[in-house]
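Dear colleague,

I am passing on to you the structure below, and I would be glad if you kept it open while you read the notes that follow.

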Amino acid sequence: QWHSAVMKIFEAAKAPIRWEERNVTAIKGPGGRWMIPPDAKESMDRNKIGLKGPLKTPIAAGHPSMNLLLRKTFDLYANVRPCISIEGYKTPYTNVDLVTIRENTEGEYSGIEHVIVEGVVQSIKLITEDASRRIAEYAFEYARNNQRSSVTAVHKANIMRMSDGLFLRKCREVAEGYKDIKFTEMYLDTVCLNMVQDPTQFDVLVMPNLYGDILSDLCAGLIGGLGVTPSGNIGANGVAIFESVHGTAPDIAGLDMANPTALLLSAVMMLRHMGLHDYGNKIQTACFDTIRDKKVLTKDLGGNSKCSEFTADICRRIQDLD
Amino acid sequence: MAGCAWRSMLSQVVGGAKRPALSSAAFFSRGMQTVTLIPGDGIGPEISSAVMKIFEAAKAPIRWEERNVTAIKGPGGRWMIPPDAKESMDRNKIGLKGPLKTPIAAGHPSMNLLLRKTFDLYANVRPCISIEGYKTPYTNVDLVTIRENTEGEYSGIEHVIVEGVVQSIKLITEDASRRIAEYAFEYARNNQRSSVTAVHKANIMRMSDGLFLRKCREVAEGYKDIKFTEMYLDTVCLNMVQDPTQFDVLVMPNLYGDILSDLCAGLIGGLGVTPSGNIGANGVAIFESVHGTAPDIAGLDMANPTALLLSAVMMLRHMGLHDYGNKIQTACFDTIRDKKVLTKDLGGNSKCSEFTADICRRIQDLD
């Protein structure tokens, strides 16, 4: 229901988007390796831009997480989450307006672990110059393209001198090429301490994998949770996949109760990424107005309305905006 | 509840190997107990003297033995804490410490690191309770973070693999994981907390966090009176900022503890009002404020002694002196709620000495 809501809203906005639906459930390729279906890969390679709803986590399916497969297939190296307070959806914070940019290929999530002797385990965190430079470059480009004024590197280089130290050095080097953007550095624990006291002091935050995992969820919490948070994954070769990061909510599936906000805001991110800012702004404004008005909220937003009613309200506002 | 309290008292007395216990003589005597006091740098001395005044007003049975812990070079060239400081702590077991300045060109490692290694301070404990009268976006926070403080991501083992590729090693051991889990459950029992949540990323770090989690589960088996749950670190953070009241005692490895303990301090107002305790082997426990030395206001009677005072309250409770602890905490919270003599960081204009005097007065009135 999420994606049909988004398609309806895009139609109402007359956004110049044609949708090509594909399924990404893993299949076993030649040689026995798990892969995404060839037609899905072909479609994404051709179109470059994708919008994705939640995928179920395979328990006994035998194949790895689909999200992981997608990440590896398209080298999705940057996970980007803009977190903006939604007027009308009350949280302890107002005026949150920040973006977390997480390096998504290495760091603590290398998956390299060993038993040294019984009862002693090591887990290896990898930081490379290339991945650090790439994510830093993305962060500064994003800041420039989205009129953000500062980029803050989040790290623990006081403790992890070599690994986080390398990450930080790359950020500093890249910053040199973006004198129009203010560059600062802050320890991860200090960021968390300050974030919950005054999130308005933050703008764009760039960081390695694990810190990004934590901070992106912390920030989603500040604005109301995963049901209203957009997300984008940037890959090599121009690929970009935008997605909602909440679960599949099987208990309400098919009951016209879902809240399409997260997927819709991800689709708005997508439009902006494609340079279609006017459409993006129009759709976002309509969505925020519907929420602020509180007349047709879905259950998770505190209301009693159906997904289709919420969607229809947004469509109506869009048509009125024209 | 009565059964729980009885068990808690019994475990305090019989604790033995499980829990850092005072010697029987010290426990049963109601005489003075000596505590090592490390005032620290910057505002350290003045907030320490504030705490001493307040303890005097409360007639707490504590004798302070002041020591300095600035590192010195021992025989063999290794940095160590001064012998008289070590001797005092080994004898007293209990310490209260103010902020220490971070050495930049001093040549020696961080004093906090030295203390941690000298006394095997394996658990960092931070109770975070909302302070009525000190407004934050949250009310009713009442949780405790318990952080494993010896291993994990902070092993300090890093290598350059090839140019441009660095690895950093995270170590998790069965022993350290078991020890911190045991401390967490003992703490929960001794402090009438109803649940312990292990915080981890074992879905991603299957072996290391998996080992940590397994040890927590095993220890939980021995504490059926305490509810045990597990939650991913990112989920904890997502939920923590939306509703911190769902959390009670949280136990976790080093890095996660570093992050979460500061996050939670932020929920109640920051490091200026957050207490902290470090539990070591052999019954040593050092309680400390975790804010900085604030050199810009040192000596100006402007400092806020709340963090050090609440750490001293934690210390009293650790020593079984709950009545004194409660009395002092109540007086402190009442002063803050009343808003008449707040220090600058709490939004007022008063001096440290005025804030302190107000707390002392309330304590005397409570008697």
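Within chain B, Val160(B) stands opposite Val166(B), a residue of β9(B). Before going further, please keep in mind that this is a predicted model. The strands β8(B) and β9(B), to which I turn next, run antiparallel and are joined by six bridges.

Which strand of chain A pairs with β9 of chain B? It is β7(A), which meets β9(B), residues 165-173, in the antiparallel sense over nine bridges, and among the residues concerned Val121(A) has Ile172(B) as its bridge partner. As a general point, strands of a sheet pair through backbone hydrogen bonds, either parallel or antiparallel. Put together, the strands form an open sheet of four in the order β6(A)-β7(A)-β9(B)-β8(B), with antiparallel pairing. Because β6 of chain A and β8 (152-162) of chain B stand at the edges and have a single partner strand each, one side of each is left without a neighbour in the sheet. Neighbouring strands here are turned by 30 degrees against each other on average, if direction is ignored.

Helices also lie against this sheet. The helix α5(A) packs on it, touching β7 of chain A as well as β8 and β9 of chain B, and its direction makes about 15 degrees with that of β7(A). Helix α9 of chain B (residues 254-268), for its part, lies across β8 and β9 of chain B and runs at about 120 degrees to β8(B).

**Where chains A and B touch**

In the contact between the chains, 44 residues of chain A meet 44 residues of chain B, and the area buried between them is about 3700 Å², of which carbon and sulfur atoms give 67%. There are two salt bridges between the chains, and in one salt bridge the side chains of Lys201(B) and Asp213(A) meet at 2.6 Å, N to O. The side of chain A that touches chain B has, by class, 24 nonpolar, 11 polar and nine charged residues.

**A sheet within chain B**

Chain B also has an open sheet of 10 strands with mixed pairing, in the order β2-β1-β5-β14-β13-β6-β7-β12-β10-β11. Its edge strands are β2 (62-66) and β11 (227-232), each of which pairs on one side only. Strand β1 of chain B (residues 33-38) runs parallel to β2(B) and is joined to β2(B) by five bridges, with Val35(B) standing opposite Trp64(B).

Definitions and conventions: Residues are numbered from 1 along each chain as its sequence is written. Chains are lettered from A and ligands numbered from 1 in the order in which they are written. This is a predicted model: local features need pLDDT of at least 70, side-chain atom pairs count only at pLDDT 80 or more; totals for chains, interfaces and linings use all residues. Side-chain values use heavy atoms; hydrogens and water are left out. Two strands pair if DSSP finds at least two bridges between them. Helices (H or I, at least four residues) and strands (E, at least two) are DSSP runs, numbered from the N terminus. Contact means heavy atoms within 4.5 Å. Buried area is the accessible area (1.4 Å probe) that two parts lose on being put together, summed over both. A salt bridge is a side-chain nitrogen of Lys or Arg within 4 Å of a carboxyl oxygen of Asp or Glu. Ala, Val, Leu, Ile, Met, Phe, Trp, Tyr, Cys and Pro count as nonpolar, Asp, Glu, Lys and Arg as charged, and the others, Gly among them, as polar. Axes are lines fitted to C-alpha atoms, for helices over the stretch in contact, and angles run from 0 to 180 degrees between N-to-C directions.
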